[in-house]
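Good morning, and thank you for the time on the agenda.

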Amino acid sequence: MGQLRVEKVQEFIKQEVSKIILNDLKDPRIGFVTVTQVDVTGDLRSAKIYVSLMGSDDQKAATWAGLQKALGYVRSEIGKRIRLRMTPEITFQLDESLDYSSKIQELLIKIKNEEEANH
């Protein structure tokens, strides 16, 4: 499969899953979710959807449970919206890069403040 086609499918799945989560899922457990990346295999049979969750640990756990419950619905909606021979098997993966980057940012600010206090 051409790499360009795989990248187009990845971007389209990312956009559509974002729309589905924002507009179509009515589960009250699902809070603030951002789709950060989608990785599709070369044969377009499976897709990993990386999501970033915001909120407290309890809210994140509830949102994750809601997303796992909605996996079948999301896949069926993807199948309706994308014209492919086979709808990819999808899995959600937790993307903690935003949490990691905010933690690094806090540490850098703390170091800067300590240096200014010492001078």
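First, the conventions. This is a predicted model, in which local features need pLDDT of at least 70 and side-chain atom pairs count only at pLDDT 80 or more, while totals for chains, interfaces and linings use all residues. Residues are numbered from 1 along each chain as its sequence is written, and side-chain values use heavy atoms, with hydrogens and water left out.

Helices (H or I, at least four residues) and strands (E, at least two) are DSSP runs, numbered from the N terminus. For accessibility, buried means under 20% relative accessible area, exposed means over 50%, and partly exposed lies in between (1.4 Å probe, protein chains only).

Let us start with helix 3, residues 71-81. Which of its residues are buried? They are Leu71, Val74, Glu77 and Ile78. As a general point, an α-helix has 3.6 residues a turn, so residues three or four places apart point the same way. Gly72 and Lys80, on the other side of helix 3, are exposed.

What covers the buried residues of helix 3? The cover includes helix 1 (3-24), helix 2 (57-69) and strand 3 (89-94), where contact means heavy atoms within 4.5 Å.

I turn to the packing of helix 1 against helix 3. Their axes are 10 Å apart and the angle is about 125 degrees. Axes here are lines fitted to C-alpha atoms, for helices over the stretch in contact, and angles run from 0 to 180 degrees between N-to-C directions. Helix 1 is therefore oblique to helix 3; angles under 35 degrees count as roughly parallel, over 145 as roughly antiparallel, 65 to 115 as roughly perpendicular and the rest as oblique. The crossing of the two helices is right-handed, that is, the near helix is turned clockwise from the far one by less than a right angle.

On the helix 1 side, Phe12, Ile13, Glu16, Val17, Lys19, Ile20 and Asp24 take part, and they meet Tyr73, Val74, Glu77, Ile78 and Arg81 in helix 3. By class, this contact has 7 nonpolar, no polar and 5 charged residues. Ala, Val, Leu, Ile, Met, Phe, Trp, Tyr, Cys and Pro count as nonpolar, Asp, Glu, Lys and Arg as charged, and the others, Gly among them, as polar.

Apart from neighbours within four places in sequence, Glu77 is in contact with Ile20 and Asp24.

Next, the strands. Ser52 belongs to strand 2 (residues 46-53) and, at 1% relative accessibility, counts as buried. Not counting residues up to four places away in sequence, Ser52 touches Phe32, Val33, Thr34, Thr36, Asp95 and Leu98.

Gln93, in strand 3, is partly exposed, with a relative accessible area of 29%. Beyond its neighbours within four places in sequence, Gln93 is in contact with Lys48, Ile49, Tyr50, Val51 and Trp64. Gln93 and Val38 are 55 residues apart in sequence, yet 9.5 Å apart in space, C-alpha to C-alpha.

Finally, the loops. Leu44 is found between strand 1 (33-40) and strand 2. Its phi is near 60 degrees, a positive value in a residue other than glycine, and at 5% relative accessibility Leu44 counts as buried. Gly55, in the loop between strand 2 and helix 2, counts as partly exposed at 42% relative accessibility.
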